[in-house]
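Hi,

Here is the model I said I'd pass along.

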Amino acid sequence: MKPGKGSGFINAMFVNNLNRCNHNHNSPSSSSSSSIFYYLHRNFSLWSMKKDPDLESALSRNRRWIVNNQIKNIILRYPNQDAPVKFLQKKFKTLDLQGKALNWLKKYPCCFDVYLQNDEYHCKLSKRMLFLVEEEESVKETQEPVFVERLSKLLMLSVNHRLNVVKLNELKRNLGFPDDYLIRILPKYPDTFRFVNHSGRRSSMEIELLSWNPDLAISAVEVSARKQGSSKPCFSCSLPSTWVKSWERFNEFNATPYISPYVDSRGLLEGSKEMEKRIVGLVHELLSLTLWKKMSIVKMGHFKREFNLPEKLNILLLKHPGIFYVSNKYQIYTVLLREGYNGSELIDKDPLVVVKDKFGELMQEGLHEYNRRRYEVNLEKQRKKGIVSVRKEKRKEGSTEMTEQDDSGDKLGGLFDPEERKRFYKVLFDDDAP
């Protein structure tokens, strides 16, 4: 698809396929309306923008990281932080894992210490892993004022300055909130927050902002404008110059006055250009508050009433490819803030992200150690049998890099390969990950 001609091509494709859908199903035995619905669902529910390899890489989820992080949390909650492997085996079903837990844990010797006691295997976190846990807790302690500010800004963006606790919990990890923020942080600030529950149902509990702080009612766009010495806040575009039509639409959109997301939107007309400007600004601000400058559109859509968002939010986001990148990787619509990235690299890393990167590094190091040991054991077995392959002998003589892989495709020795490290660390972790 040529830049600048995408919309015309898409419209033509839509009409042609829709007509074909009607023609092929215009019979007593089939319903035209159902065929149209199937076509729309099959072809348009998975729509996203033109693929950006760097941002797609940044959005990649590492399943192994997610699982090991969950195992870490399970062990930390177990008495004495020492869990029987049999207990972890039962938890494997909830982690969507098959096979033996013992084999999985042994793949990550830098993360987990597995030992035999009274004919039963136990698992505890390694010393290096415990050090990272302590570092993460320390960061959370020092970041408490940041959490309070972030939650305040989030409540200030909402229509009534209140947010449902159940909904908010869906975003807490993406926003960097501790799991126990409701009991550990909020009670310390009774002049800022309070719990509201008019119905008495647990699912109806809300957090309400008690005091408006004008110093916090400044968006990321406005902060950027001030740093550049500009009195007119505006969005930035991160598209190649060859995207002529997209640039024209962006410049036209950006020419109208910026509307702060902290301004009351109830006076704006639904469907107007002013409302669109305000919604784009609000989504931009929401993404700016997250750790990885990205969010699931489905989860964002849960706050339509609170943030006065449109029903077809994904369509609106697709209209602004210079500001947002929309992907359907893993068939999950995700919106990412383009200006937050340089290629696939997150520009401003929150201290919590830095700690999580260290956990990823430790996990990868352990996996490579496991692969190296397995390779040496297999090589020794082949030597004893006298069937060492010519390819392996040549590799040894030439001191070339080992390429044997485990079932995940991780390269032996790849820990020291810059490209391998780059692919691993440029991970935006899943919203649902602990």
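Predicted model: local features only at pLDDT ≥ 70, side-chain atom pairs only at ≥ 80, totals over all residues.

What volume does the second largest pocket have? About 840 Å³, where volume is the space filled by probe spheres set on grid points joined across faces, edges and corners. A pocket here is an open set of points on a 1 Å grid over the protein atoms alone, where a 1.4 Å probe fits, with protein on both sides within 12 Å along at least five of seven lines; lining residues have an atom within 4 Å of a point.

Residues are numbered from 1 along each chain as its sequence is written, and side-chain values use heavy atoms, with hydrogens and water left out.

H8, H11 (220–227) and H13 each give the lining at least two residues; helices are DSSP runs of H or I, at least four residues, numbered from the N terminus. By class the lining has nine nonpolar, five polar and eleven charged residues (nonpolar: Ala, Val, Leu, Ile, Met, Phe, Trp, Tyr, Cys and Pro; charged: Asp, Glu, Lys and Arg; polar: the others, Gly among them).

Two of those helices also pack together: the axes of H8 (144–157) and H13 (273–289) come within 11 Å and cross at roughly 165°. Axes are lines fitted to C-alpha atoms over the stretch in contact, and angles run from 0 to 180 degrees between N-to-C directions. So H8 is roughly antiparallel to H13 (over 145 degrees). Leu-289 belongs to the H13 side of this contact, and Arg-150 and Leu-157 are among the H8 residues there, with contact meaning heavy atoms within 4.5 Å. The tally is five nonpolar, no polar and four charged residues.

H7 (127–142) packs against H17 (351–385) at about 170°, axes 9 Å apart, which makes H7 roughly antiparallel to H17. Their contact divides into eight nonpolar, no polar and seven charged residues.

Lys-140, Glu-141 and Thr-142 in H7 meet Glu-144, Pro-145 and Phe-147 in H8.

Cheers

Conventions: Parallel < 35°, antiparallel > 145°, perpendicular 65-115°, else oblique.
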